[in-house]
Amino acid sequence: MSIWVDADACPVAIREIICRAAVRTKTKVVFVANQYIRLPASEYLRMQQVMPGFDVADNEIVKQVQSGELVITSDIPLASEVIDKGALALNTRGELYTKENIRSRLNMRDFMDTLRSSGIQTGGQAPLSAQDKQQFANHLDRWLAQR
């Protein structure tokens, strides 16, 4: 069982939580990104750098993820694809994407994209809060305990 991280947009604080949990539980984690990301030295942590390009890292994760594994991403289309393969998806704010909620998340994402394309200012996401980090860590720990 592995954890796959969509590392291009993964906040540093979340990356640190993932690394500590992986070493503590001896869980293999693969960080996939278009650029090199420095990780602590550990046999459980691996950086996989892919070629630059739109969705190249996402496609690599989808290609390699196995049923039952965990993917950490805030990319809703990527989450949808890995859920279709039987994997789980957790965003960096600690929200678990499921078969039950992914369609509504995709619809909301598309709606917001349409608004932005129309020139409507939608604002961005709020900065990652301490509560978000705690919620993420709690979900990650639950997944690790269940495996």
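Which hand does the crossing of α1 and α5 have? In this predicted model, the crossing of the two helices is right-handed. Helix α1 spans residues 12-25 and helix α5 spans residues 130-146; they pack at an angle of about 25°, and their axes lie 11 Å apart. Since angles under 35 degrees count as roughly parallel, α1 and α5 are therefore roughly parallel to each other. On the α1 side, the contact is formed by Ala13, Ile14, Ile17, Ile18, Ala21, Arg24 and Thr25, which meet Lys133, Phe136, Ala137, Leu140, Asp141 and Leu144 of α5. By class, this contact of α1 with α5 comprises nine nonpolar, one polar and three charged residues. An α-helix has 3.6 residues a turn, so residues three or four places apart point the same way.

The largest nonpolar core contains 25 residues, and those with the most contacts inside it are Ile3, Val5, Ile18, Phe31 and Leu140. At least two residues of this core are supplied by each of β1 (2-6), α1, β2 (28-33), β3 (45-49), β4 (70-72) and α5. The largest share, six residues, comes from α1. Both Ile18 and Leu140 also take part in the contact between α1 and α5. With neighbours within four places in sequence left aside, Ile3 is in contact with Thr27, Lys28, Val29, Val30, Leu70, Ile72, Leu140, Trp143 and Leu144. A second, separate core of 18 residues includes Val30, Val62, Ala87 and Ala89.

Val71 is located in strand β4 and is buried, with a relative accessible area of 0%. Residues up to four places away in sequence not being counted, Val71 touches Trp4, Ile61, Val65, Val82, Leu88, Ala89 and Leu90. Val71 and Val29 are 42 residues apart along the chain, and their C-alpha atoms are separated by 9.7 Å.

In helix α2 (residues 56-64), the buried residues are Ala57, Asp58, Glu60, Ile61 and Val62. These buried residues pack against strands β1, β2, β3 and β4 and against helix α3 (76-84). Among them is the charged residue Asp58, which has a relative accessibility of 8% and therefore counts as buried, the cut-off being under 20%. Beyond its neighbours within four places in sequence, Asp58 is in contact with Asp6, Asp75 and Leu78.

When residues up to four places away in sequence are not counted, Asp132 touches Thr92, Arg93, Gly94 and Pro127.

Most residues other than glycine have a negative phi. Lys26, although not a glycine, has a positive phi of about 55°; this residue is placed in the loop between α1 and β2. Lys26 is exposed, with a relative accessible area of 56%. Asp55 likewise has a positive phi, of about 65°, and is not a glycine. The loop between β3 and α2 holds Asp55, which at 30% relative accessibility counts as partly exposed.

Technical notes. Residues numbered from 1 in each chain as written. Predicted model: local features only at pLDDT ≥ 70, side-chain atom pairs only at ≥ 80, totals over all residues. Heavy atoms only, no water. Axes fitted to C-alpha atoms, helices over the stretch in contact; angles between N-to-C directions. Helix = DSSP H or I, 4+ residues; strand = E, 2+ residues; numbered from the N terminus. Parallel < 35°, antiparallel > 145°, perpendicular 65-115°, else oblique. Left-handed = near helix turned anticlockwise from the far one by under 90°. Contact = heavy atoms within 4.5 Å. Core = buried A, V, L, I, M, F, W, Y, C linked by side-chain atoms within 4.5 Å. Buried < 20%, exposed > 50% of the residue type's maximum accessible area, 1.4 Å probe, protein only.
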